[in-house]
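Reader: I'd like to go through the charged side chains in this one. Can you take my questions as they come?

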Amino acid sequence: MDGDGGLRQDDEAARAVVERCAAIDPRLADARVVEPRVGPRPTRSEVRVETDSRGGATPVVRNYGHGGAGVTLSWGYAREAAGLVPGIVSGEV
């Protein structure tokens with residue numbers, strides 16, 4: 001679930017994913033889960049894409065907080081984040 005920072009396997013969540021997929025394509029109802037993968041899904045009220053140079057340290061481009069939409073939004077936000085790099089390289093940040 002979005003906002004869940006835990007790293008334990010959640011069989012109920014995995015079952016729900018398969019059910020939602022099968023609702024779109026019934027052939028997936030009997031799909032075999034080859035290997036469950038678990039990772040934190042941090043969320044924020046809004047996505048953070050910005051340059052951060054705390055205390056004069058080397059600037060870093062931050063790009064996180066996409067939650068469950070991360071894969072869907074990744075291309076656009078990656079492009080936006082990459083667009084911040086020239087400012088770092090030129091010393092504008």
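Reader: Is Arg27 buried or exposed?

Author: Arg27 is exposed, at a relative accessible area of 72%. The terms are set as follows: buried is under 20% relative accessible area, exposed is over 50%, and partly exposed lies in between, with a 1.4 Å probe and protein chains only. The model is predicted, so local features need pLDDT of at least 70 and side-chain atom pairs count only at pLDDT 80 or more, while totals for chains, interfaces and linings use all residues. Residues are numbered from 1 along each chain as its sequence is written, and side-chain values use heavy atoms, leaving out hydrogens and water.

Reader: What does Arg27 meet in a salt bridge?

Author: Asp25, at 2.6 Å from N to O. A salt bridge here is a side-chain nitrogen of Lys or Arg within 4 Å of a carboxyl oxygen of Asp or Glu. Asp25 is partly exposed, at 22% relative accessibility.

Reader: How many salt bridges by this rule?

Author: Seven.

Reader: Which residues are linked in a network?

Author: Salt bridges link Arg48, Glu50, Asp52 and Arg62. Within that network, Arg48 and Glu50 meet at 2.6 Å, N to O. Arg48 is buried at 12% relative accessibility, whereas Glu50 is partly exposed at 35%.
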